[in-house]
Each structure stands twice: as C-alpha cells, then as structure tokens.
Amino acid sequence: MAAALNDVGSYALIAWQSTFYERVYGLESSAYAPVLATLLPIAGILGGVGGGFLADRLSRTGRRWWVTAGATCAAAPCLALSCLAPTPELSYAALFLGFGLSEAWRAPSAVMARGIAPASMGSTASALYLCVRNLVGGLGPLAVALLIGRCGLQSAMMVVPAMYLGSGLIFAKAEKLYDAEMRAMAKEAAKTA
C-alpha cells in the first residue's frame, strides 16, 4: 500500500506537471519542457540508484527505513514547496530535490515484496505488487482532475505531497512488519536445519 500511495503521487505529478507550469506560472512549453525533460530523469536516477545503494548499506544495521519511510516523508515538504513556490525557479529546485527523494524507495520496496514471498511464488508476488501499484497509482491524475474544479490546480496538486507523506508513514510500519517476518522466517529455518 505504501508503494501504491507513492505511485498515486508520482502519477499525479507526472500527469499534471506541464499543465501546472503553464497555468500557475504562465510559462510556455518551450520554457518548462526542457527543464522538466532534464530535471525529472536526473533526479529520478539519482534518487532511485542512490536509494538502492543506501538501502543496501543501511539494511546491514536495520536502518533501511531511513530510505523507504524517511526519504519518502522528506519528499513531501519539498514537493509541497514545488507546488507553492513563488517563482518557477524555486519550484524547479524543490521539484528536483523532492522527486529525487521520492524515488529512493523503489528498489528497497521491491526487495521487501520479493523477500516475504515463498521461494516458489517470487514472480507471482512481484507481479501482484506491480499490479496493485499501477491500479491504485492511476487514481492520482484522476484525483487532481476532480479537485481542480473545487480548489484550483495549485491546491489540487497538494494531493502529491499528501500521498508521499501517507506513503512514508505506511513504509515505516511496513518496515517493522517486514523485520518481524524476516526474524520469524529465520527462526523457522533454524528449527528445520
């Protein structure tokens, strides 16, 4: 569920970001498109690969939650600032930081989903994980679309940081459950050995 909520935020962000820069800042696509085409992939790669690397290191000491829950929660205020910034330049800077942080969870959460599945069901667990993420994530653009008429695009975009904050909080709980499950599985393996 944490990953799915994160995708609600991501899908809403990606679907509405261009329209946001046009309507809120009055920018032409020639001004914001090159920035977004550079900023989002670079931030995503740095966050995704960096998050995986850091999660591997922190997993050794039981602190992977700094990446899954911590980075995701930290992304929320950055993305809120991006939506509420007084200038497009500040919005871009906050978006870069927020999007990078928001992508750090992807590799460690995939490991979590695969790690709790029985060995004979690894592919099925991964497929189900991705299916739920995509089905729920698709609600993000729709949520923003429904809110625009009520509160305007800038306020509707606050769905994005709200989803990341919710995701981060659920990741914190998921990490505790995952650790308990891994300990139980290790204990059971030790009994049968």
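Tutor: A salt bridge is a side-chain nitrogen of Lys or Arg within 4 Å of a carboxyl oxygen of Asp or Glu. This is a predicted model, where local features need pLDDT of at least 70, side-chain atom pairs count only at pLDDT 80 or more, and totals for chains, interfaces and linings use all residues. Residues are numbered from 1 along each chain as its sequence is written, and side-chain values use heavy atoms, leaving out hydrogens and water.

Student: Which residue forms a salt bridge with Glu 175?

Tutor: The closest N and O atoms of the pair are 2.8 Å apart. Glu 175 lies in helix 9, and its partner is in the loop between helix 2 (29-59) and helix 3 (65-84), 111 residues away; helices (H or I, at least four residues) are DSSP runs, numbered from the N terminus. The partner is Arg 64.

Student: Is Asp 7 buried or exposed?

Tutor: Buried means under 20% relative accessible area, exposed over 50%, and partly exposed in between (1.4 Å probe, protein chains only). Asp 7 has a relative accessible area of 1%, so Asp 7 is buried.

Student: How many residues apart in sequence are the parts that Arg 133 and Asp 7 tie together?

Tutor: The side chains of Arg 133 and Asp 7 meet in a salt bridge, at 2.6 Å from N to O. Arg 133 lies in helix 6 and Asp 7 in helix 1, so the parts tied together are apart in sequence by 126 residues.

Note on methods. Helices (H or I, at least four residues) and strands (E, at least two) are DSSP runs, numbered from the N terminus.
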